[in-house]
Amino acid sequence: MAMNVVVLVKQVPDTNAIKIERASGTVQPGGQHVISSYDQYAIEAAIRLKEAHGAEVTVLTLGPAGAKDALSRALAMGADKAIHLVTANPNASDTLAVAEAMAGHLRGLNPDIVLAGQGSDDYEGNQVGPQVAELLGLPVVSNVNGLEWAPVGQLTLTRDIEDGRQTVEVAPPVVLLAISGLNEPRYPSLKGIMAAKKKPTEQIATDVPVASERIAWSEPVAPEQTIAGVMVRDVPAAEAAKQLAGWLREQKLI
Amino acid sequence: MAEPERHSGTVLAVAESDRGGALRPVSWEMVTAGRAVADAIGGPLVALLFGSGVGDAAGLLGAAGADRVLCADDPGLANANSEAASAVLVDAIAAVRPSVVLIPGTTLGRDYAPRVAARLRAGLAADAVALAVDGDALVATRPVFGGRVQTEVRLRGPGARLVTVHPGSFPAASPQDGVPQAIEGLTVALGDLETRVRVRDTVAAASGPVDLDRATIVVGGGRGLKEAGNFGLVEELATSLDGVVGATRAVTDAGWRPHHEQIGQTGRTVAPRLYVAVGVSGAIQHLVGIQGSDYIVAINRDPDAPIFKIASFGIVGDLFEVVPALIDELKP
């Protein structure tokens, strides 16, 4: 039986296009929404598992109606089917509420491997992946930048941690969180884009509890510059260097 | 209706050891952060360390300022994964009933903190760079959108509130700040949790991209260096600061430096304690990659270079004079 691989994806504002409004310090998303960058490595990894060893790849997202574009792109890259948990604003809920909504559907899918990006480009909590693993009672391997389906029936994964490059082995079912370096995500081909139109996407209206008693948060704002910058000019290089070395010592940076 | 469980006012700060059983630097910062929150809410600070052969390291946590020290010392925790670490923390929380749990924002901490939050249905703020107490709320400030903006997360409720703390955000406590405490052993039933993910090996990283991501000090060189051969100045400065070398896109595109050293929107994002920009004008594409730095020092001959707008310390001058003078100043 083919492996059952589910990839969790999030659609985010293109962080290259966001603008920070000077007066208020608030974030103005640019026009475009994209698949969060680490999730693209997760999709690519799933498709490569399918191509090399046979797998059925399902992409799952939780998001507003527009998030269907993210699913279409994943299908065009080579995923087989998509599930869209439709909710107006996933960012109004905390990660645990999001993880619970996703885990609820994952249980029914009975995946061998759940792949996701390490974190999303926007809120960068890096929490949904481990929380999904916890709710499903699965191990999680984070920061995956190397993946091999070997020895038979096992995954050999590499990850860069504080102590160096770690190699781990794990047997499915497992949750894997991808980071850059894992692969080069492909661009959808024209053929892939055409094929995607015929692939099934299931839409399920999903009610996710909004920020709860346990947690709430403010709109993001640009941090104030708390340190008034010291500027040294019109002094000889040796004097400037001396002042800088003194400042570095004062700030305990050296 | 039963009274809701009152939180104890206790702060539990989790430390972390390296493979050799020594405290990671972030552990000292966790004591500082924990002490500050405990003093703000008027409760005791309990430190927790888990691992294999970590008894001596745990002893340092009391001396650094914790009021109590818990230690789970078990050969099964030598290569702790998120499930085993979660089991330890859940048990410690049950033993201490803390109001606040501070967890290092390390690779491991950011794996097990979410699991524990899910198990306890607790609020969790990720990767805090500052903490404050406001009435009955714990307020964690955290960067989002690549560190370009920040949000304030307010954690409430009767149970434990969890926070992972970004390494390098708090000053390190020293083992002279407090008094040594007796170590309270914590025995955790690990079952098969340690074996579901098997660590085959861990190879200490040679120099490379890893260094750049985790470096405390990064020296970045830009087009102002004029040619590849002059990058030796940046390397020499990095060596004397005990830091690592990075580069702007202009530099890597020109082939002066390898692509993996590129910092910025299309390269790596760094968040060191100190970023030294040498001959870097400060194009937006580069600034995005360094904005998480705690301190930015800029050396550039153009007083209008955008890098000076975000620099904590700027020198307007000729880098070919200033950098050698600085290297001289830094000699012990």
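## A tour from salt bridges to the interface

Begin by selecting Glu56(A) and Lys81(A), whose side chains meet in a salt bridge with 3.9 Å from N to O; a salt bridge here is a side-chain nitrogen of Lys or Arg within 4 Å of a carboxyl oxygen of Asp or Glu. Glu56(A) lies in strand β6 (residues 55–63) of chain A and Lys81(A) in strand β7 (residues 81–86) of chain A, so the pair ties together parts that are 25 residues apart in sequence. Helices (H or I, at least four residues) and strands (E, at least two) are DSSP runs, numbered from the N terminus. Glu56(A) has 36% relative accessibility and therefore counts as partly exposed, and Lys81(A), at 28%, is partly exposed too; buried means under 20% relative accessible area, exposed over 50%, and partly exposed in between (1.4 Å probe, protein chains only).

Before moving on, note that this is a predicted model, in which local features need pLDDT of at least 70 and side-chain atom pairs count only at pLDDT 80 or more, while totals for chains, interfaces and linings use all residues. Residues are numbered from 1 along each chain as its sequence is written, chains are lettered from A and ligands numbered from 1 in the order in which they are written, and side-chain values use heavy atoms, with hydrogens and water left out.

Next, select Asp94(A) and Arg214(A), which form a salt bridge with their closest N and O atoms 2.8 Å apart. This pair links distant parts of the chain, since Asp94(A) is in the loop between β7 and α3 (95–109) of chain A and Arg214(A) in the loop between β13 (201–205) and β14 (215–217) of chain A, 120 residues apart. Are these two residues buried or exposed? Both Asp94(A) and Arg214(A) are buried.

Staying in chain A, display Glu44(A), Arg48(A), Glu51(A) and Arg186(A) together, as they are linked in a network of salt bridges. Then move to helix α2 (residues 68–77) of chain A, whose buried residues include Leu71(A), Leu75(A) and Met77(A); just after this helix, Gly78(A) takes a positive phi of about 140°.

Now turn to chain B and select Asp127(B), which sits in strand β5 (residues 124–128) of chain B and counts as buried because its relative accessibility is 12%. Its side chain is joined to that of His166(B) by a polar contact of 3.0 Å, a polar contact being a pair of N or O atoms within 3.5 Å, where within protein one must be able to donate a hydrogen and the other to accept it, and residues adjacent in sequence count only if both atoms are side-chain atoms.

Finally, show both chains. In contact, meaning heavy atoms within 4.5 Å, are 74 residues of chain B and 77 residues of chain A. How many salt bridges does the rule find across the interface of chain B and chain A? The rule finds six, and in one salt bridge Arg115(B) pairs with Glu134(A), the closest N and O atoms being 2.7 Å apart. For a last stop, select Ile217(B) in strand β12 (residues 217–221) of chain B, a residue that counts as buried because its relative accessibility is 7%. Leaving aside neighbours within four places in sequence, Ile217(B) is in contact with Leu253(A) from chain A, and with residues of chain B including Leu241(B) and Pro272(B).
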